[in-house]
Structures are given as structure tokens and as C-alpha cells.
Amino acid sequence: MIVSRKLASGLGELPVGLILSRDQAGAAVPYEAVAAEAIGAGDGTDKTFSATLAKHPVQPGSVAVSDGVEDFADDGLGRLTGDAGGSGTINYATGAVAVEFHAAPANAAPVEAAYDRQFSGVLDEAVDTALSGAGLVIVHGSVRKDVLKVGVSAPAAPSAALLGRMEDHGIWPV
């Protein structure tokens with residue numbers, strides 16, 4: 001199934017096969033994995049940290065939070081579990097994340113989150129967002145695996161995990 005979808009403005013030229021997410025306003029944007037977004041810094045006393053992740057909505061099951069000592073994993077249902085006994089939550093729609101470490105992170109230790117934007121489709125045509133505010137997006141069906149791209153400036157092939165998420169959403173790379 002192919003639908004017309006609003007594209008976020010100012011993205012430049014988007015290639016066919018670009019894997020897409022949606023931004024907070026619902027416009028299509030390039031899919032991305034966020035490697036290390038700061039959500040706080042330790043002071044040796046506070047164990048609780050909360051923030052709103054910048055690039056939500058977030059893909060369920062993709063969130064990891066760490067202070068370099070305790071690592072939190074996302075169960076895909078909104079719960080974060082620390083490997084040292086801490087706990088937390090993630091609201092995938094709003095990006096609100098909250099964690100309580102078992103022990104307070106050390107003074108100046110960065111508390112960071114890694115996560116993926118929520119997958120929403122594959123661009124079926126090249127689009128220059130300076131000229132058009134919409135594009136045709138595959139939201140269900142087969143796509144050519146050899147044309148799939150992650151990112152615009154330095155496109156890369158999708159990971160096996162992302163290909164699996166695409167299949168879970170009803171898009172089958174062949």
C-alpha cells in the first residue's frame with residue numbers, strides 16, 4: 001500500500017528507498033538511530049533522572065540508558081530495567097524517559113540515552129522538499145532491499161534489526 005504523506009520541510013532532496021520515521025507533528029522525516037543523547041549528569045547524590053528525548057516518537061524496544069556503570073534495557077512495553085537493580089519508564093509517543101539508578105552516578109558522569117526513531121515507511125519516489133511538501137510512501141507490501149537507505153547525507157544499508165522491524169510493520173524487503 002502506498003500513501004501520500006506530508007514531509008517535514010527543509011530536508012532537501014530525499015532519495016527513493018529512504019527509510020522514514022515521523023516527527024512530533026506527524027510529518028515524515030528520515031529514520032535515524034540516536035547514539036548518545038544527554039539526559040543528565042551525575043552529582044554523586046541524585047539517583048533519579050528524567051528528560052524528554054528530542055526525536056520522538058521512539059521505536060519500542062530500542063531505548064538504552066547508561067551512566068557508564070549501570071545499563072538500562074527497554075522491554076518494548078515502556079519499562080526500563082537496570083542491570084544493577086535500577087528501574088525506569090519510557091513513553092514512546094512523547095519521548096518522556098525517567099530512570100532511577102541503583103546507586104547515584106558519579107560526579108560529572110554523563111547519563112545518556114540511545115534509541116531509534118519509530119519506523120513508519122519507505123519513500124517510493126525521489127522528492128525535493130524545497131519544491132514539494134509531500135511524497136509517496138510505502139506503508140505495507142514489498143520493497144526492493146537493494147534500494148533501501150538509512151540517512152540522507154551518507155546513506156547506509158539498513159541493519160538486520162531494522163529490516164526485522166520493517167517486516168513486523170508489514171513491509172517486506174526482497
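## The eight-stranded sheet

Let's begin with an open sheet of 8 strands, which run in the order β5-β12-β7-β8-β9-β10-β11-β6 with antiparallel pairing. At its edges stand β5 and β6; each has a single partner strand, so one side of each is left without a neighbour in the sheet. On average, neighbouring strands here are turned by 15° against each other, direction ignored. Please keep in mind that this is a predicted model.

For a closer look at one pairing, find strand β8 (residues 71-74) and strand β9 (residues 79-82), which pair in the antiparallel sense over 3 bridges. Within this pairing, F72 has G82 in β9 as its bridge partner.

## The five-stranded sheet

Now turn to an open sheet of 5 strands, again with antiparallel pairing, in the order β1-β15-β13-β3-β4. Which strands stand at the edges? They are β1 (2-6) and β4 (28-30), and each has a single partner strand, so one side of each is left without a neighbour in the sheet. The twist from one strand to the next averages 50° in this sheet.

You can follow the pairing of β1 with strand β15 (residues 134-138), which is antiparallel and extends over 5 bridges. Here V3 stands opposite V137 in β15.

## A glycine in β15

Strand β15 also holds G135. Is G135 buried or exposed? With a relative accessible area of 2%, G135 counts as buried, because buried means under 20%.

G135 touches V3, S4, R5, L7, L123, E125 and V127, leaving out residues up to four places away in sequence.

In soluble globular proteins, nonpolar side chains tend to be buried together. In this model, the largest nonpolar core has 17 residues, and L53, V65 and L80 touch the most other members. Which elements give two or more residues to this core? They are β5 (33-41), β11 (96-100) and β12 (110-116). The most comes from β12, with 3 residues.

Apart from its neighbours within four places in sequence, L53 is in contact with E37, I39, V58, I90, G95, V97, A113 and Y115. There is also a second, separate core of 12 residues, and its members include Y31, I138, L148 and V150.

Side chains of opposite charge can pair when their charged atoms come close. How many salt bridges does the structure hold? There are 5 salt bridges. One of them joins K55 and E32, with the closest N and O atoms 3.1 Å apart. This pair links distant parts of the chain: K55 is in the loop between β6 (48-52) and β7 (64-66), whereas E32 is in the loop between β4 and β5, 23 residues apart. K55 is partly exposed, with a relative accessible area of 29%, and E32 is partly exposed as well, at 25%.

E32 also meets R117 in a salt bridge between their side chains, at 3.4 Å from N to O. E32 lies in the loop between β4 and β5 and R117 in the loop between β12 and β13 (119-123), so this pair ties together parts that are 85 residues apart in sequence. R117 is buried, with a relative accessible area of 8%.

Another salt bridge is formed by R144 and D146, where the closest N and O atoms are 2.7 Å apart. What are the relative accessible areas of these two residues? R144 is exposed at 52%, and D146 is exposed at 58%. Finally, salt bridges that share partners join E32, K55 and R117 into one network.

Terms used
Residues are numbered from 1 along each chain as its sequence is written. This is a predicted model: local features need pLDDT of at least 70, side-chain atom pairs count only at pLDDT 80 or more; totals for chains, interfaces and linings use all residues. Side-chain values use heavy atoms; hydrogens and water are left out. Two strands pair if DSSP finds at least two bridges between them. Helices (H or I, at least four residues) and strands (E, at least two) are DSSP runs, numbered from the N terminus. Axes are lines fitted to C-alpha atoms, for helices over the stretch in contact, and angles run from 0 to 180 degrees between N-to-C directions. A nonpolar core is a set of buried Ala, Val, Leu, Ile, Met, Phe, Trp, Tyr and Cys residues joined through side-chain atoms within 4.5 Å. Buried means under 20% relative accessible area, exposed over 50%, partly exposed in between (1.4 Å probe, protein chains only). Contact means heavy atoms within 4.5 Å. A salt bridge is a side-chain nitrogen of Lys or Arg within 4 Å of a carboxyl oxygen of Asp or Glu.
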